[in-house]
Amino acid sequence: MHWLLRRIRKHYRRLSAPYIHVVAQAPDGAAVAIFGATRLHAHFARIFLGDDVKPALRQGLHRREAGPAMRRLARRHGLAVGVAADLSPAALEGALIVTRFVCLTMDLPPTWEEFTRNLGSSALDDLRRVRSQGFQVRITRDPACVGEFHSRLHLPTITSRHGDEAMPAPLSLLQELLAAEDTELIQVFLGERWVSGVLTRKEEGGYRLMRLGWLQGDSDLLRRGVIAAVYHACLRRAFEIGQRTVIFGGTLPYFEDGVFAYKAKWGARLDHARTTSEPIAWHLDPSHPHARRFLETHTLIANAPGGRFVAYSAKPPRTERTYAPALASLSAWYRLLDRPDPALSTTDEAVPRALQPWFTSEALPPARP
């Protein structure tokens with residue numbers, strides 16, 4: 001009898017999935033509506049409602065054509081999102097298309113000395129910390145190291161840093177990656193203690209960082225610079241094997257995200273051609289106070305026609321040297337207006353028609369030489 005009930009429940013969930021959405025609601029009444037994948041719930045609750053909010057989740061029903069419900073809930077809450085591949089063309093109309101992760105890459109100059117001359121103060125401080133701590137680097141393809149890397153470095157780092165949003169790689173995937181001919185494991189040591197590492201791969205067009213971790217996700221090691229030591233080792237390795245592009249991989253599509261900022265300070269830029277993450281449709285209502293609050297703290301990186309990235313924010317473009325390469329890889333920056341103003345509102349066809357009155361086009365700073 002129990003197996004029959006399980007089959008009935010599983011069958012019901014499969015049949016009902018296209019008609020169910022979830023509303024994550026904070027104690028203060030702020031909420032976000034999520035259509036489709038349950039893996040999105042924790043992320044959108046955090047970024048739209050706040051890091052420390054424990055939202056209540058409640059299910060709602062909608063017609064198979066989700067567009068009307070998404071627009072209605074966006075007007076009510078400020079934001080409704082869904083996996084673009086699961087939605088009809090009608091449901092995508094008027095939505096911003098935002099990949100779940102954007103790819104960041106960095107082009108290297110001919111020499112290490114030229115590279116360091118162009119770094120900002122924060123990255124140079126990291127390099128000095130690496131030297132002062134006495135980190136040592138080893139490179140291996142020994143499959144016997146993968147189990148320890150997974151259990152003691154990668155898994156605890158990802159779970160402790162990302163909580164409900166964590167997506168650690170299974171051991172089987174790490175074993176498969178290292179078995180590939182052009183993959184290697186960079187190990188960073190303090191004395192004889194293996195404290196951090198990353199799986200990397202030499203591929204056509206670049207040197208890719210894939211899976212990273214440090215010993216037990218230890219915050220003290222983080223303060224001592226284990227991440228900087230990994231980046232330093234990867235960059236030196238790229239120069240050593242003659243690679244001129246480092247592929248940092250997927251990163252959340254917000255300029256203010258800590259990982260985005262960290263990669264950007266080394267000189268990373270947005271790489272639309274290498275971004276392969278799933279597109280998410282955002283129905284955003286800029287007249288809603290919660291949507292406006294979100295754009296005051298997040299610069300959203302969205303897709304635009306022609307294989308481009310554009311930014312939406314309540315703030316003007318950033319001017320810090322750290323973000324110069326990332327800014328140079330944007331094709332436009334749209335700043336949220338206090339109210340629609342025909343004299344300022346953008347008419348750029350890359351912006352959904354319903355959003356055009358609420359945003360003005362800001363000039364991006366000139367690319368640094």
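Biologist: Is Glu 362 buried, exposed or partly exposed, and which relative accessible area does it have?
Modeller: Glu 362 is partly exposed, because its relative accessible area is 23%. Buried means under 20% relative accessible area, exposed over 50%, and partly exposed is in between, using a 1.4 Å probe and protein chains only. This is a predicted model, so local features need pLDDT of at least 70 and side-chain atom pairs count only at pLDDT 80 or more, while totals for chains, interfaces and linings use all residues. Residues are numbered from 1 along each chain as its sequence is written, and side-chain values use heavy atoms, with hydrogens and water left out.

Biologist: Which side chain does Glu 362 meet in a salt bridge?
Modeller: That's Arg 335, at 2.3 Å from N to O. The two come from distant parts of the chain, 27 residues apart: Glu 362 sits in strand 17 (residues 359-362) and Arg 335 in strand 16 (residues 332-336). A salt bridge here is a side-chain nitrogen of Lys or Arg within 4 Å of a carboxyl oxygen of Asp or Glu. Helices (H or I, at least four residues) and strands (E, at least two) are DSSP runs, numbered from the N terminus.

Biologist: And why does Arg 335 count as partly exposed?
Modeller: Because its relative accessible area is 24%. There's also a network where salt bridges share partners: Asp 107, Arg 269, Asp 271 and Arg 274 are joined in it.

Biologist: How many salt bridges does the structure hold?
Modeller: The structure has 21 of them. One of these pairs Lys 265 with Asp 126, with the closest N and O atoms 2.8 Å apart. This pair also links distant parts of the chain, 139 residues apart: Lys 265 is in the loop between helix 11 (258-264) and strand 12 (269-270), and Asp 126 is in helix 6 (residues 121-133).

Biologist: Are Lys 265 and Asp 126 buried or exposed?
Modeller: Both Lys 265 and Asp 126 are buried.

Biologist: Switching to helix 10, how far apart are its end C-alpha atoms?
Modeller: They're 21 Å apart, which agrees with the 21 Å that 15 residues (226-240) should span at 1.5 Å a residue. The expected span is 1.5 Å times one less than the number of residues in the helix.

Biologist: How many residues of helix 10 are buried?
Modeller: Twelve of its 15, so helix 10 is mostly covered. Among them are Val 226, Tyr 231, Cys 234 and Phe 239. Just after the helix, Gly 242 takes a positive phi of about 80 degrees.

Biologist: Which side chain meets Arg 237 in a salt bridge?
Modeller: Glu 240 does, at 2.7 Å from N to O. Both lie in helix 10, three residues apart, about one turn of the helix. Glu 240 is exposed because its relative accessible area is 59%, whereas Arg 237 counts as buried at 16%.

Biologist: Now the surface: which residues gather in a patch of positive charge?
Modeller: Arg 58, Arg 72, Arg 75 and Arg 76. Helix 3 (residues 67-77) gives the largest share, three residues. Patch members have over 30% relative accessible area and no salt bridge, with like charges joined within 9 Å and nonpolar side chains (Val, Leu, Ile, Met, Phe, Trp, Tyr) within 5 Å.

Biologist: Where is Arg 72 placed, and why does it count as partly exposed?
Modeller: Arg 72 is in helix 3. Arg 72 is partly exposed because its relative accessible area is 33%.

How values were computed
Accessible areas come from the Shrake-Rupley method with a 1.4 Å probe; for residues, only the protein chains shown count as cover. Lys and Arg count as positive and Asp and Glu as negative; His and the chain ends are not counted. The place of a charge is taken as NZ of Lys, CZ of Arg, CG of Asp or CD of Glu.
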